[in-house]
Amino acid sequence: MATTSEPSKTRDFVAADGGAAFARRAPAVWRRYLALTKPKVVALITFTAIVGTLLASAGLPPLGALLWGNLGIALAAACAATLNHVLDRRIDEQMSRTRARPLPTGQLSERQALLFAALLGVSAMAILAFLVNLLTATLTFLSLIGYAVIYTVWLKRATSQNIVIGGAAGAAPPVLGWAAVTNSIDPNALLLFLIIFVWTPPHFWALAIARRDDYARAGIPMLPVTHGVAYTRLQVLLYTVLLTVVTLMPYLTRMSGLLYLAAALVLNAGFLYYALALKITARAELPMRVFRFSVNYLMWLFAALLIDHYLPVFRGAASL
């Protein structure tokens, strides 16, 4: 009960104080809106989309596809994140990790957040539909609905496999970036989709282990809540092994060359080390270390794809 009263406590404090002290401590208005977009998450999403855009061309892609395509994708991701804040407001009030967000604290209202989400969403769809192509706009819209509605409203509350099924929306950005250039769904783009799709469960389950009590308190059936921490640790390890296999496919299909292969082997060795340590030890700090490493893992893996693509000497050596 105490946690659900946080917004009213904040409003009472503002009213009694005239708002002066709260204004001094609260972030600037633009920072509150920025927080709604989950900027770090959107930055990683946009980076994978940009990599998809650049890999779609042998040289540099059309400037319009690169700029407008990724701007539209970024705005759509920000829209989905903002809708997630609105739909998860009551859950956020109960979780220590999220109760300081703008909506639970009363820094912004649901109406303000919905209007902001609408502005982002309409802008994203207009940019993609009129300045890029209809395929990219359609796929981006489906991804937005997949995350903001199907995952957040239904899957998150319905099944412990929520992040596995819902991960499809988060894995779409490279496909969207690729489609912005080619106006098609390319098999190589689907391979990038598969990498992120398989990466998502071990990435998120590590966080879920660390925040198990929060999710249990909020009534969210994350895997550590429904099946226990030990089982979840095993699943993190198994998915990491599967990820190791999947991330070799760009090299095996000749999509990428030796530079990418070397980077993938090193990164996978690091991920396997952390996943195995998580499985066999109970050190309290390990879940968050695995979570943070997984973010860097994906960033550097996609950076390796990009560097390899623009260094043909490595690709030439791979074809010998």
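Is Tyr 273 buried or exposed, and at what relative accessibility? Tyr 273 counts as exposed, because its relative accessibility is 56%, where exposed means over 50% relative accessible area, buried means under 20% and partly exposed lies in between (1.4 Å probe, protein chains only).

## Basis of the report

The structure is a predicted model, in which local features need pLDDT of at least 70, side-chain atom pairs count only at pLDDT 80 or more, and totals for chains, interfaces and linings use all residues. Residues are numbered from 1 along each chain as its sequence is written, and side-chain values use heavy atoms, with hydrogens and water left out.

## Overall architecture

The protein chain contains 18 helices and zero strands; helices (H or I, at least four residues) and strands (E, at least two) are DSSP runs, numbered from the N terminus. Of its 320 residues, 51% count as buried.

Among contacts in the protein chain with a separation of 6 or more, 74% join residues 24 or more positions apart, a contact being heavy atoms within 4.5 Å. The accessible surface of the protein chain is about 14,600 Å², and carbon and sulfur atoms account for 69% of that area. Accessible areas come from the Shrake-Rupley method with a 1.4 Å probe; for residues, only the protein chains shown count as cover.

## Aromatic pairs

The whole structure holds 10 aromatic pairs. Rings of Phe, Tyr and Trp (its six-membered ring) pair if their centres lie within 6.5 Å; planes under 30 degrees apart count as stacked, over 60 as edge-to-face and the rest as tilted. One of the pairs joins Phe 271 and Phe 293, which are edge-to-face at 5.8 Å centre to centre with 75° between the planes. Phe 271 belongs to helix α16 (residues 258–280) and Phe 293 to helix α17 (residues 286–309), so this pair ties together parts that are 22 residues apart in sequence. Both Phe 271 and Phe 293 are buried.

The rings of Tyr 273 and Tyr 274 are also edge-to-face, because their planes stand at 70° with the centres 5.5 Å apart. Whereas Tyr 273 is exposed, Tyr 274 is buried, with a relative accessible area of 17%. One aromatic cluster is formed by Phe 271, Tyr 273, Tyr 274, Phe 293 and Tyr 297.

## Nonpolar cores

A nonpolar core is a set of buried Ala, Val, Leu, Ile, Met, Phe, Trp, Tyr and Cys residues joined through side-chain atoms within 4.5 Å. The largest has 64 residues, of which Trp 199, Tyr 297 and Phe 302 touch the most other members. Helix α11 (residues 187–210) gives the most to this core, with 13 residues. Apart from this core lies another, of 21 residues, including Phe 116, Ala 117, Leu 120 and Ala 137.

Beyond residues up to four places away in sequence, Trp 199 touches Leu 44, Leu 243, Phe 271, Ser 294, Val 295, Tyr 297 and Leu 298.

## Leu 261 in helix α16

Leu 261 is found in helix α16 and counts as buried at 17% relative accessibility. Leaving aside neighbours within four places in sequence, Leu 261 is in contact with Leu 248 and Tyr 251. The C-alpha atoms of Leu 261 and Met 249, which are 12 residues apart along the chain, are separated by 9.4 Å.
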